[in-house]
Amino acid sequence: MFAAMCYAVLSSNLYRHHDDELAHQAGDLIRALSTVELEPTEIRTALLGTPIGSRFVMVRNSRGELLYRDPGLATSEPNIGQQEALVHAALAEPQGATFFTVNLERSAEVRFICIPLRQTGHYLQVGDPLGDVRTILRATVVACLPILPGVLLFSGFGGWIIVRRALAPVRTVTETLQHIQATDLSRRVEVHPTDADLGVLVNTLNALLDRLQRSFESLRQFAGDVSHQLQTPLTILKGELDSALQHP
């Protein structure tokens with residue numbers, strides 16, 4: 001779980017950093033396009049003087065139609081105009097910036113931002129390959145996998161030791177109760193002050209043993225009293241029977 005959480009946090013931070021870079025690039029391009037008509041020639045002219053960090057730059061209308069794409073995409077990704085995820089991102093008519101990942105034919109996984117322009121129904125799409133992000137995440141997994149078996153063994157052994165120490169008082173209670181016999185109820189279970197819950201149980205067991213001891217002592221005393229009270233009449237009866245046998 002710790003490794004999974006570390007992977008999730010690292011992945012989230014890397015994607016957020018990637019998205020921040022895309023948002024920064026998109027902001028520069030939006031400012032460059034803020035004063036021109038969104039026609040292919042006007043867009044191309046406006047973007048010529050803008051330092052573009054990505055070659056995945058497109059402008060689409062609300063029908064998903066491609067109004068402009070970076071000239072390099074004509075050879076590197078000739079079918080990007082009909083890419084389903086990119087078309088759908090414009091058709092959804094987002095009110096703010098949306099981020100998504102697209103698996104292109106030749107460029108593999110590319111992270112895109114789709115953000116509306118000042119003219120209603122027009123959207124700027126800027127992308128950046130996820131090569132570095134995927135590489136870092138794969139390297140993290142490769143580095144963690146050999147460590148996980150050792151961590152599992154170490155944590156399992158540590159857990160076994162902790163459980164044995166935690167259950168040691170219970171074993172002591174069990175052994176003490178097993179050695180208590182009806183002929184000797186004087187033994188008591190030792191109370192461990194540090195074990196609050198177990199201390200309540202031990203005190204209850206000791207109170208039960210006290211009651212049992214008193215009951216057995218009362219039974220012994222009663223048996224002794226009955227034996228003493230019956231001894232005299234039985235002796236007289238035995239003498240009378242012996243005399244009767246001798247003088248029929």
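These are questions and answers on how some terms apply to a predicted model.

Author: The model is predicted: local features need pLDDT of at least 70, side-chain atom pairs count only at pLDDT 80 or more, and totals for chains, interfaces and linings use all residues. Residues are numbered from 1 along each chain as its sequence is written, and side-chain values use heavy atoms, with hydrogens and water left out.

Reader: Why is F112 called buried?

Author: Buried means under 20% relative accessible area (1.4 Å probe, protein chains only). F112 has 0%, so F112 is buried. F112 is found in strand β4, residues 108-116; strands are DSSP runs of E, at least two residues, numbered from the N terminus.

Reader: What is F112 in contact with, beyond its neighbours within four places in sequence?

Author: Contact means heavy atoms within 4.5 Å. The residues that meet this include L22, F56, M58, I80, F99 and V126.

Reader: What makes Q231 the site of a bend in α7?

Author: The bend is the angle between axes fitted to the seven residues ending at a residue and the seven starting there. At Q231 that angle is about 35°, and a proline, P233, follows within four residues.

Reader: Which residues of α7 are buried?

Author: They are L198, G199, V202, L205, N206 and L209. What covers them includes α6 (147-179).

Definitions and conventions
Buried < 20%, exposed > 50% of the residue type's maximum accessible area, 1.4 Å probe, protein only.
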